[in-house]
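I opened my notebook for a look at this chain and its charged side chains. Here is what I looked up, in the order I went.

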Amino acid sequence: MLHLNLFIFGCGHHRAAWRHPDSAAERLGDITYYEELARTAERGKLDAIFFADGQSVDNIGDGPRWYLEPLTAMAAIARATSRIGLISTVSSTFFTPFHAARMVASLDHISGGRMGWNVVTSMFDAEARNHGYESMPGHDWRYARAEEFVDVALKLFDSWDQDALAIDRAGDYGVPASVRKINHHGEHFLVDGPLTVPRPPQGRPVLFQAGASDQGRDLAARRAEAIYAVAYDLPAAQAYYRDIKRRVLAAGRQDFVPIMPGLVTYVGSTEAEARAKQRALDVLLPSDASLRQLGTFVLQDCSAWELDAPVPALPPLAEFTGPKGRYATILRIIETEQPTVRQLLGRLAAGGGHCTMVGTPEQIADKMEHWYRNEGADGFNLMPPSLPGGIDDFVEHVIPVLRRRGLFRAEYQHSTLRGHLGLESR
């Protein structure tokens, strides 16, 4: 069946969502807002909720970006839910593996085995300068560090055997032979171990990755247990899907590694109603803020671009030095649609180039099923343009259609995130 995550981000993934009179802009520091979103996703029997993370703040006038630190928020959300998985981004560039493994293992215990972690290498110089670097370290360095980071964290999870705690009141609390140092002395990290947290309920919390570059794809194929992706359309999704599946096999793995592209949906009882919802957000979008966002994606100043003129020529992907996944999507939108600058801004306003589906529940289910049955996706990372309305619409109207088609669960069959995703125990 399809695998579905809810990607929670502020008031929604549309850059103008916070401006809408129905937005939750005043509640972004209120943990009950996120708990309610998670419970809605759990009511729909989604696999998990997901939080991205960033390490810097740019122009706060443009709208909300980050608020509560996600791993901290997960502790509260774990107590407000009972079955849905919980996934948070962890930066391998700025965290240490011991710190990350300790927090993720603790959350796996708190949630009863529902934790996942999405390892990223981070992106921007502004983030680096908050962590002691003059600028973001080079791409090769970051991915070498990420590979070692994952290796160390997995060793730390494994440093306790399942039977390490005897809790024999007449004898020993634990079994010393079942807890081991890892004695890792690598290029980037020196970690003796063992972890200070006993083995998590899942053994290893589920490892997510979102590789776009060759190095990122190789890391995902070797290490990831589930993969997030950016795909503007089905051909782009199929190319990525087939490449990753090939790399997984080439890495000697027989595991099922679900691939979940981001998906933005506008749901209406008619297509016209759905498009009206889209326009209601688009008209709230200030062009100056949108041009600044575009500038972060293409690494150049776009403030003087004429809104109703064609998009100026951009460097080819091979010459681009920033994050390549989003940039490749922008190049594909330009090649396929030949938009004006204004049209491109509208296309990127919600989800930044991820697939967008607009229509009735049946129309959206048709497209999702088509991707699923044609090597485009094993599921989707849902990116509602507005919250809470966007996930309410999806859970109340699209999920029932998917269930009638036998594409999505009616009830949870498992209590762990590994179980929801159909992954082997670790």
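Is Arg43 buried, partly exposed or exposed? I looked it up in this predicted model: Arg43 has a relative accessible area of 43%, so I put it down as partly exposed.

Next I checked its partner. The side chain of Arg43 forms a salt bridge with that of Glu396, at 2.8 Å from N to O. Arg43 sits in helix 1 (residues 31-43) and Glu396 in helix 13 (residues 389-404), so this pair ties together parts that are 353 residues apart in sequence. Glu396 is partly exposed, at 43% relative accessibility.

Glu271 and Arg275 both belong to helix 8 (residues 271-282), four residues apart, or about one turn of the helix. Their side chains meet in a salt bridge of 3.2 Å, N to O. I noted Glu271 as partly exposed at 33%, and Arg275 as partly exposed at 34%.

I also looked at Glu36, whose side chain meets that of Arg27 in a salt bridge (3.1 Å, N to O). Glu36 is partly exposed at 35%, and Arg27 is partly exposed at 27%.

One network went into the notes too: salt bridges link Asp214, Arg217, Asp218, Asp243, Arg246 and Arg247. The structure holds 27 salt bridges.

Last, I stepped back to the whole chain. I found 14 helices and 11 strands. The radius of gyration is 22 Å, close to the 22 Å that the globule rule gives for 426 residues, so the chain is as compact as a globular protein of that length. Buried residues make up 54% of the 426.

Terms used: Residues numbered from 1 in each chain as written. Predicted model: local features only at pLDDT ≥ 70, side-chain atom pairs only at ≥ 80, totals over all residues. Heavy atoms only, no water. Helix = DSSP H or I, 4+ residues; strand = E, 2+ residues; numbered from the N terminus. Rg over C-alpha atoms; globule rule 2.2 N^0.38 Å. Buried < 20%, exposed > 50% of the residue type's maximum accessible area, 1.4 Å probe, protein only. Salt bridge = Lys/Arg side-chain N within 4 Å of Asp/Glu carboxyl O.
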